[in-house]
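I'm opening my notebook on this one. I want to write down what I look up, entry by entry.

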Amino acid sequence: MNSFLALFPLLIIVFAALLVLILEVFIKKENRNYLAYVSLFFLIICGIICGKFWDKDYSYFDGYLFLDNFSIFLSFIIIITTFFVILLSMKYIFLQDVNYGEFYSLLLFALSGMMIMVSSGDFLVIFLGLEVLSISSYALAGLRIKDEKSSEAAIKYFLLGSFASAFFIYGLALLYGASHSTEILSIIDYFKSETSLSLMALIGLGLVIIGFGFKIAVVPFHMWTPDVYEGAPTPITAFFSVGPKAAGFAVLLRIFYPYWKVALNSQAIFWLLCIISVLTMVVGNFVALRQTNVKRILAYSSIAHAGYLLIAILAQDNTSLVFYLTVYLFMNIGAFAAVIALGKKDREYLELEDYAGVGFKYPWIGATFAVFLFSLAGFPPTGGFLAKFYVFVGAVRQGLVPLVIIGVLASLVSVFYYLRIIVYMYMREPSTEIEIYIENPALFLVLFLCLYGVLQLGLFPGNILILVQQAVSSLPLF
Amino acid sequence: MTEIFWLIPFVPALSAFILAVFGKILPKKYVSFQACFAVFISFTISVVSLLGLLRISHENYPIVKTLFSWIHSGSFESNLSLQLDPLSAVMALVVSGVGFLIHVYSVGYMAEDKGYTRYFTYLNLFTFAMLLLVMGSNIVLMFIGWEGVGLCSYLLIGFWYEKHSAANAGKKAFIVNRIGDAGFLLGIFFIFVLIGSGEFTAINKAISGGVITQGAATLIAILLFVGAIGKSAQIPLYVWLPDAMEGPTPVSALIHAATMVTAGVYMVSRMNMLYTFSGVAAQIVAIVGALTAVYAATMALTQNDIKRVLAYSTISQIGFMFIGCGVGAYAAGMFHLYTHAFFKSLLFLAAGSVMHALSGELDMRKMGGLKKYLPLTYPTFLIGAIAIAGVPFFSGFFSKDAILTQAYANGQYFIWALGIMGAVLTAFYMFRLIFLTFHGQERIEPEAKKHLHESPPMMTIPLVILAFFSVVAGYIGLPVVLGKNLNWFGRFLEPVIRVSHEAHLEIGTEWLLILISVAVALVGIYIAYVFYIRNPQIPHALVARFPFIYKLLYNKYYVDEIYNAAFVNSTVKGSEIIYDHFDLKVVDGAVNGTGSATNFSGKILSYLQTGLLKDYALVFLLGAILFLGYLLFF
């Protein structure tokens, strides 16, 4: 249904971002938490409204922006991510000296960009969203101005990101030239009508995929990830590891779901994605083995997870993909929350040695962190197990057995570095005097909610699965 | 009210959870109150549900409540759903009812124990697992309960884990059960492969719809029965049950009467269509049951430990239940399970009371003449013995007679003869027990005699209640000769046991069979009387005459020793050899090799991560070129 209402969630977020930016001028530095409350308030409103629009199928701008169930569900994922990240940041920005007024506002702008990405079927609109997201992200990564690593992260992210954007927009231009449209479905329609693809269209599609490959951090377009993840403020790293990845995969799903149905000349693309998926799983997991910095370990782990997610794309298994993203949100944010929990004024504990004996000193943080790591490694009864299980089962059903074998072996390798953190937490005597800033109810709320999410999705996924199925069934079939 | 039947297993679960988390800070009085009360709630709901079930017409059976669906992947579906039908209602009633009385008894029995809270946590958990087993609407849930029961039995048998023998007994129970469970699990896999669903209704539909062949049904039925052999302690996996005596006595009562060992009988009755369809499998069930019934009874003849006699009698009685199931008289098997629950828990609790009175003495050679010291325990124990011996007008008579009559009616004369033999032996060893313990001359140790006392009311009241039911419980399933419609129990179970082989005999034949049953029981008791009261020297003379047989029976056919030599020792030895040569060298070597190789490739790959922006951009560019090149040229 064509209705202005389709813009509503997006407008709320943009309004909130601007409001926070204005309020910031009037609020004292030590009262910045009020900005967080305002942002959280608007996020809740936006979430409720998104919930109300479920099954309504509103669209606006001649269908360039729409709220089908799929985009609503993905919006939920990124809204919840942002919600958690804001909760995580409230103490963090005071402790780690990133207390800048733009912080929350930039987060909300990034969120609005992602919401545009997931709720459009037109490459040009998607590109707009991507740029809104990217520019906010560059600034967020470099927010720890006094830290060289943070600035390095920002400049690397910015330059490589612009590089990727250039690839994307060039690919889009070629696609437009070939098919006279920027709409995904029309472009695929064109692909179907041509018996042999023109060079222009094929290169265009390739370049677009490369552009997205950068955002979702697949090998070989992943090089920025560890450095940026390490340098950025930790809550922002948590944000990067979930939000943009979810948005990127949403767009890939919008491209490939109808594209596979056309199946015309898809062989080359199919094999390319297979290779990328294998490379991503292998490189992500193997390099993670060598890391001693927990943020870098989680960075490589997030690369590896993109590889598993690509398997779901190849298996055309939308339900598993979206379910995986949902689980991934809780377990990854949870893991980062545990990392953030171990920190005091101007000091974060990020080296593996710092984690020695944490399990005994801080049993709750240690135990929840262990659950998230088990989930990332894919142990039952956590959500991570079911997510991988569904992806692999779906792939076996499509006959992608070799890919699944590699996936299983790769995740076997991953067990090593996830468990290594647990080994440090529980089997080493505390070496350094860790003291942490304990009074942080917001952070414990996030830890608790993520723990709940991981276990709920692992034990009783039924209701969420039904929602996911409703969401993906709204994807336009070809 | 029937809709809330799904709460039956979860109330004890909640209670166990609370005790496990807050047990340390709760006062002892409250702990015992909560544990008992939780099971009492379950019992009340069971009663209400059973009454509700009677008012609903048969077509609406079973009532299924799906709580949530766990895994739903393609055709594979696994739900947490409970069902209420006559079979599960009867089982829930027995488990929660007898379980409740055992909880109450435990309050007195365990009063001095330092692991009081832990004990009640396990006991609640045990009840939960068993209730889940009998109420689950699919075989996966049944298996979860099945494993839960195994785990709890391990925890409770080894409850006094400081005692070496208790810890070992717990381990033995667990490991022997595992062997059976492996078969059970295979059976479940075959069900999923061949039928595609674990729901009992779907399995029954598949069988009646001809989805699986008779051979497949036999395979599944036998694999499942292997699990039942382990859990219900039948030949050859019965060895764990006598050792399970190492746990606290109420736990033995719980394991023997209400939970655990009856699980196998319940499973076979639940799968009755499968066994009937297979035919061969049912015959195997009957043969294993009959052999066990006699075999275990012979071992009970010579034991001097009061609880061990009862343990072998349980094995033998479960054998009777399997005879019932095997000959197609599932209702009769279930009926015996139900009456057995009362008199066996009565016997165990009464034995516990004797132990309590004698400061922990278990050896019957050190008892005798206890009749006058234990005015409440003696009559209740006697009632239990009469009931299990099969004396008319007591519950055990009706159920045992139903089984034997059905065995005969179905033409299984050999099975019937074994059953009769088992019945004689049962009457004999039970009264041997009674006479040695309560009659004759006192052989009590002077130290124990000083403290000799009747147990507190918390323990004797459950005895009286159970004694009452041991007498009357049989009257809901009277034999056909007394009137066509008096077998209320059988008719109640009819909707579940759809294919029934209830054959009918001539009235005269049936009367004759009943007379034989009666005669058998009385003969057994009379021989015991002659042996142990009138001529106490006869047993000694027999032992002197046939030392070999006595030794064989006394040492339980040396089965434990044979198992140890054949399986346990060789497994331990073999695994040591494998550990030394294969594990340490090949496996560890391979693992370490893989580890270092993996680590090495990680190292190589991480060299690419130089940290220099231009290198990153270069990799990006090279990647893009390769990507596009592949796209264009392949």
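**The largest pocket**

I started with the lining of the largest pocket, and its largest share, six residues, comes from helix 18 of chain B. This is a predicted model, where local features need pLDDT of at least 70, side-chain atom pairs count only at pLDDT 80 or more, and totals for chains, interfaces and linings use all residues. Residues are numbered from 1 along each chain as its sequence is written, chains are lettered from A and ligands numbered from 1 in the order in which they are written, and side-chain values use heavy atoms, with hydrogens and water left out.

Some terms for myself. A pocket is an open set of points on a 1 Å grid over the protein atoms alone where a 1.4 Å probe fits, with protein on both sides within 12 Å along at least five of seven lines; lining residues have an atom within 4 Å of a point. Helices (H or I, at least four residues) and strands (E, at least two) are DSSP runs, numbered from the N terminus.

Which helices of chain B each supply at least two residues of the lining? I noted helix 18 (413–438), helix 22 (507–534), helix 23 (537–545) and helix 24 (547–554). The lining has 29 residues, and B:R432, B:Y532, B:P539, B:H540 and B:V543 lie nearest the pocket's centre. I sorted the lining by class: 20 nonpolar (Ala, Val, Leu, Ile, Met, Phe, Trp, Tyr, Cys and Pro), three charged (Asp, Glu, Lys and Arg) and six polar (the others, Gly among them). The space inside is about 960 Å³, a volume filled by probe spheres set on the grid points, which are joined across faces, edges and corners.

**Two packed helices**

Next I looked at helix 16 (residues 377–389) and helix 17 (residues 395–409) of chain B, which pack at about 15 degrees with their axes 6 Å apart. That makes helix 16 of chain B roughly parallel to helix 17 of chain B (angles under 35 degrees count as that). Axes here are lines fitted to C-alpha atoms over the stretch in contact, and angles run from 0 to 180 degrees between N-to-C directions.

I found a cis peptide bond between A:V219 and A:P220, with omega about 5 degrees. A:P220 sits in the loop between helix 8 (199–215) and helix 9 (224–231) of chain A. Another cis bond joins B:I235 and B:P236, with omega about 0 degrees. B:P236 is in the loop between helix 8 (214–231) and helix 9 (240–243) of chain B.

Note on methods: Angles under 35 degrees count as roughly parallel, over 145 as roughly antiparallel, 65 to 115 as roughly perpendicular and the rest as oblique.
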